[in-house]
Amino acid sequence: MSRILVTGGTGYIGSHTVVELIQAGYQVTIVDNLSNSNIDVLQGIEQITGVKPDFENVDCLDYKNFNAVFDRFPDIEGVIHFAASKAVGESVEKPLMYYRNNLGSLVNLLDIMNQHKVKNIVFSSSCTVYGQPDAEHLPVDETAPRKTALSPYGNTKQINEDIICDQAHAQKDLNAVILRYFNPIGAHPSALIGELPNGVPNNLLPFVTQTAAGIREKLRVFGNDYNTPDGSCIRDYIYVVDLAKAHVKAIDRMLNENGRDQVEVFNLGTGRGLSVLEIIRGFEQATGVKLNYEIVGRREGDIEQVWAKADKANNVLGWKADTPLDAILLSAWQWQQRLS
């Protein structure tokens, strides 16, 4: 039974991925400093899987203690690296925090992996590396050019991808899969884990569910004057459980398949673009709850429209995001009701 280290494993995507890894037969060690997650997530993971993963409360910037985790678990065969600051708006306000955290943690990780001869990494990247794609590159596939990032967060993802490629060039036995996510939403169908933002959410759906639950008075839609059918931004919203399963596919591929490239890049999305207003209407239809929302000005750093062409992940990884939207939105509402 292979052991996988998951940094940021009590976070939103990390926790769902830990569940899928355990259910696929992997042993899991989580490293997380709980800066944007809650220790109670471990109970949810255990309730779903019947297994309590090993947990290390360690900051990836703390080289000594991060390195000691690899000493304690010498059987680690691969790493999935989620740990990062991830809010576009916050990164515009606090760029130094983002560069320090997002770049430093990966540099430490790759150095420690090399020391301990751990050769496989799955990296959590983002569609933000594409910036605002030109019309001929919509939907976006992996050959689309990376554009100048519109936020420090997006820039850290681009630089992190470059760091991985440079290290792979220098370290010929390093294998990497870079997964460029589009917009994860929803919660586990058990409602035992889900998105749990500390303080003010940075993603759309927690704002939607918190408004529906009466925690927030109204939902703000940032701009209705974009060049889109209804004027609101368009994104490719992907179910977090579908997304988590792609990480298991990536780990399986690195550990079990020969003939793969040393560094591989996959887009993870549904292949369908939905606007903010379409998500609001979809939520109302799925749950029967009316939302109080208002249109406000555009938000700095936001991209007008982007959605994925996920054929490569479909064909090479054997993965597909196919959960119906109403089921995804309902899962988010059931999670919010549990929290409330």
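Colleague: Leaving aside neighbours within four places in sequence, which residues is Ile 215 in contact with?

Modeller: Before that, keep in mind that this is a predicted model. Ile 215 is in contact with Gln 210, Gln 336 and Ser 340, once neighbours within four places in sequence are left aside.

Colleague: Thanks. And where is Ile 215 found?

Modeller: Ile 215 sits in the loop between H7 and S8. Just after H7 there is also Gly 214, which takes a positive phi of about 85 degrees.

Colleague: Let's go to H7 itself. How many of its residues are buried?

Modeller: Nine of the nine residues of H7 are buried, so H7 is largely enclosed by the rest of the structure. Among them are Leu 204, Pro 206, Phe 207 and Gln 210.

Colleague: What do those buried residues pack against?

Modeller: The buried residues of H7 pack against strand S7 (183-185), strand S8 (219-222), strand S10 (237-239), H9 and helix H11 (325-339).

Colleague: Take H9 from that list. At what angle do the axes of H7 and H9 cross?

Modeller: The axes of helix H7 (residues 204-212) and helix H9 (residues 276-287) cross at roughly 40 degrees and come within 11 Å. The two helices are therefore oblique to each other. The crossing of H7 past H9 is right-handed.

Colleague: Which residues meet there?

Modeller: From H7 you have Leu 204, Leu 205, Val 208, Thr 209 and Ala 212, and they meet Val 276, Ile 279 and Phe 283 in H9. By class, the residues of this contact are seven nonpolar, one polar and no charged.

Colleague: Now the other helix pair. How do H3 and H5 pack?

Modeller: Helix H3 (residues 63-72) packs on H5 at an angle of about 40 degrees, and their axes are 10 Å apart. That makes H3 oblique to H5. H3 passes H5 in a right-handed crossing.

Colleague: And which residues make that contact?

Modeller: Tyr 63, Phe 66, Asn 67 and Phe 70 in H3 meet a set of H5 residues including Ser 105, Asn 108, Leu 109 and Ile 112. The contact of H3 with H5 divides into six nonpolar, four polar and one charged residues.

Colleague: Switching to side chains: is Thr 10 buried or exposed?

Modeller: Thr 10 is buried, with a relative accessible area of 2%. You'll find Thr 10 in the loop between strand S1 (3-7) and helix H1 (12-23).

Colleague: Which side chain does Thr 10 make a polar contact with?

Modeller: The side chain of Ser 37, at 2.7 Å. Beyond four places in sequence, Thr 10 also touches other residues, among them Ile 30, Asp 32, Leu 34, Val 41 and Phe 55.

Colleague: What about Lys 117, what phi does that have?

Modeller: Lys 117 has a positive phi of about 60 degrees, although it is not a glycine. Lys 117 is in the loop between helix H5 (95-115) and S5, and it is exposed, at 67% relative accessible area.

Colleague: Where is the cis peptide bond around Pro 139?

Modeller: The cis bond joins Leu 138 and Pro 139, with omega about -5 degrees. Pro 139 is in the loop between strand S5 (120-126) and helix H6 (152-170).

Colleague: Last one: is Arg 180 buried or exposed?

Modeller: Arg 180 counts as buried, at 6% relative accessibility, and its place is in strand S6 (residues 175-181). A polar contact of 2.8 Å joins its side chain to that of Tyr 130. Arg 180 also touches residues including Glu 142, Arg 146, Glu 161 and Phe 266.

Definitions and conventions. Residues numbered from 1 in each chain as written. Predicted model: local features only at pLDDT ≥ 70, side-chain atom pairs only at ≥ 80, totals over all residues. Heavy atoms only, no water. Helix = DSSP H or I, 4+ residues; strand = E, 2+ residues; numbered from the N terminus. Buried < 20%, exposed > 50% of the residue type's maximum accessible area, 1.4 Å probe, protein only. Polar contact = N/O pair within 3.5 Å; in protein donor to acceptor, adjacent residues only side chain to side chain. Contact = heavy atoms within 4.5 Å. Axes fitted to C-alpha atoms, helices over the stretch in contact; angles between N-to-C directions. Parallel < 35°, antiparallel > 145°, perpendicular 65-115°, else oblique. Left-handed = near helix turned anticlockwise from the far one by under 90°. Nonpolar A, V, L, I, M, F, W, Y, C, P; charged D, E, K, R; others polar.
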